[in-house]
There are 2 protein chains.
Amino acid sequence: MDIHELTRELKTTNDSKIVMLVADGLGGLPQTPGGPTELGAAETPNLDNLAKIGASGSLVPIKPGITPGSGPGHLGLFGYDPLKYIIGRGVLEATGIGFKVEPGDVAIRCNFCTLDAEGKITDRRAGRIPTENSAPLAAKLREVKIPNAEVFVEPVKEHRFVVVFRGQGLGGNVEDTDPQKTGVPPLDPVAHDEAGRRTAEAARQFVAQAGKLLADQPAANGLTMRGFSVKPDLPTYEEVYGVKAAAIAVYPMYKGLAQLVGMEIVGQPGTLDEEIDVLEQAWNDYDFFFVHFKYTDSRGEDGDFQAKSQMIEEFDRVIPRVTALNPTVLIVTGDHSTPASLASHSWHPVPTLLVADTCRTDACLRFSEVDALGGGLGHFEAVYLMPLALAHANRLGKFGA
Amino acid sequence: MDIHELTRELKTTNDSKIVMLVADGLGGLPQTPGGPTELGAAETPNLDNLAKIGASGSLVPIKPGITPGSGPGHLGLFGYDPLKYIIGRGVLEATGIGFKVEPGDVAIRCNFCTLDAEGKITDRRAGRIPTENSAPLAAKLREVKIPNAEVFVEPVKEHRFVVVFRGQGLGGNVEDTDPQKTGVPPLDPVAHDEAGRRTAEAARQFVAQAGKLLADQPAANGLTMRGFSVKPDLPTYEEVYGVKAAAIAVYPMYKGLAQLVGMEIVGQPGTLDEEIDVLEQAWNDYDFFFVHFKYTDSRGEDGDFQAKSQMIEEFDRVIPRVTALNPTVLIVTGDHSTPASLASHSWHPVPTLLVADTCRTDACLRFSEVDALGGGLGHFEAVYLMPLALAHANRLGKFGA
């Protein structure tokens, strides 16, 4: 019996409101041994106040030592076992540009490449063609027509674009056509099952027609396809938790991930303050709110300790606007750590806060990685955050008599 | 390899004695944010002394956020995965009144109801018939005879009673006959497999004969059946842990749960002091002792913070009598939390103590929820308590060479 079988069986409804604030890449590392992390160095009076009245904990995104990408990181926070529900690269790429992948769709990451007269690859990235040149080419490929499948082509950036096939009985079990080297032609798409063979046949036809449409291009006269994948069959928040859920985010990737679990995308905010505006406006229409703040991760990825600390302070600044809404359960967490010293995602646990009338106060007086180690939520895997949120909102009944 | 496969393989025997004291619903919540819990407010000098010399920990009954009923809560403490071993409602009800359910038995929760001349339900609880009137009626139903199955009928309380069928090849996969509304007749028992069909046929015959026996009753002239279930196939303590186990409890429910895992019920104590008398008397006859104290849970369920604190103090008072027996391993825990502020079971972790010559002393100076967070046993799921107990009693060998 997995955790969703439990929540499906035990879920009840009431008027409670749950807010999950996600500061992307929140956790960090000290710059010097024994020094503070980005969070420890930041002035966070509002988060510290929440730590005093709430329960803290140390959240393990996937399993100890495993660094998550954005997809698995968020699936974990949303309570979906990231080792069970795999989001293929094609689907993640399509999701990341805001394309709404539907059940049965096959999404593929494509690269423009340069082919010589014999059809051999001379540049796997078509000279890193700038986006202003590649986007119209991607749009041109929408002229491709394939029997029994609708074709979508969406530009991404530079040499990258996305193709989605929508039709009956297509599958994602197809190998990449990028040979990962030059001097050879793109590979034939090799399928490993019947549904994959239908996709591979569509891919061959796509490549043939695209070749004609791109024939006069100096650099981007060919293409390779990678990450063939279908949308994973994810149950919705309504189904597994009984909540109507809203997602408030600036970047398409996070909207897309939220959409995969059935959240509705609300508003079109461009800043954190605008995200909180949207939260206020949508307050009466949903039970659950996922609010995503990107820049803690971005500045960590930049390797800029100081700037990441400042982003955490900016995040702290909006907390009073959220608590003023009086949510039944308020969660503050991150999808993973992004220490500036590593300039990348990491496996380190994420300090996490849960504030509710039903929470057991612990001894934490500050919101920080080290304080969270002794917190009342303990050390726990991300997938248990949603059951904890529902329990504290009195939305889960008793298991067994 | 699950934990019982491990303990089966590694278990050894010696003269050690393990005592598990369970204060039902032990964990609590503060009355005001930052205030003490029921345990924190209680004067517990003896438990605090144990915390100083032992190892504390924070026990998660099932999984984070999941509130257990008494059945799953105790199965967890006994080391049986409560998500794997499901105790059906009928079996739990029979167990709760002290009926010894045997392998293959089908137990059913029944309600007396009132039927009109057309056989439609007019009152699903037979006017909440008082127990002194319903108990003789239940006894009268023992006259029912069914081919190929022995029939047991036991009164419970008011309109409730229990029926157990004992025979070959009976199953529990049968739907309730209670339509959950009035104005319609009781439903036919719908079975979902062959064993269920045999049970359903027995149920139909029971209902038909019972109808005749109850025909002259003004209120309780019909019945509905719910929670058809067979005893789960639980290995015994002797099999999985190699210990001869005794259960000392006042209430039938906990004796019944202990019996399901092969413990022997010892004595007929009516108070906590009498339970410790029984413990002393039985000391030489068993390796393991489960001692259950009910009233911490009862006062929590009442929502009475002060009274629950007093019950914890009463529990603390008997500790010296237990330590005087010099158990090899002494465990103090609860099957779940029952915060007075919620007046119900809850999902919050349970502070837990383990005292043994082999335990690694931690920094805890008090027995409390917040102190236990930093204890040497860490944050752990209930099913690991028994392996820890056996290990500290030197009853588990090395895994692998």
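**Close-up views of chains A and B**

**View 1. Chain A meets chain B.** In this predicted model, 26 residues of chain A are in contact with 32 residues of chain B (contact means heavy atoms within 4.5 Å). In chain A, R360(A), F399(A) and A401(A) lose the most area to chain B, together 35% of what that side buries. The two chains bury about 2,300 Å² between them, 68% of it on carbon and sulfur atoms. Buried area is the accessible area (1.4 Å probe) that two parts lose on being put together, summed over both.

Residues are numbered from 1 along each chain as its sequence is written, and chains are lettered from A and ligands numbered from 1 in the order in which they are written. Local features need pLDDT of at least 70, side-chain atom pairs count only at pLDDT 80 or more, and totals for chains, interfaces and linings use all residues; side-chain values use heavy atoms, with hydrogens and water left out.

**View 2. Polar contacts between the chains.** Eight residue pairs, both at pLDDT 80 or more, are in polar contact between chain A and chain B. A polar contact is a pair of N or O atoms within 3.5 Å; within protein, one must be able to donate a hydrogen and the other to accept it, and residues adjacent in sequence count only if both atoms are side-chain atoms. The count of salt bridges between the two chains is zero (a side-chain nitrogen of Lys or Arg within 4 Å of a carboxyl oxygen of Asp or Glu).

**View 3. Elements on the chain A side.** Two or more residues each come from α1 (3–10), β13 (378–381), α15 (385–392) and β14 (398–399) of chain A. Of these, α15(A) gives the most, with four residues. Helices (H or I, at least four residues) and strands (E, at least two) are DSSP runs, numbered from the N terminus.

View 4. β14(A) pairs with strand β3 (residues 67–68) of chain B in the parallel sense, over two bridges. Two strands pair if DSSP finds at least two bridges between them. The bridge partner of F399(A) in β3(B) is P68(B).

**View 5. The open sheet of chain A.** Eight strands run in the order β9-β8-β10-β1-β11-β12-β2-β13, with mixed pairing. The edge strands, β9 (264–265) and β13 of chain A, each pair on one side only. Strand β2 (residues 55–60) and strand β12 (residues 350–356) of chain A pair in the antiparallel sense over five bridges. In β12(A), L354(A) is the bridge partner of A55(A).
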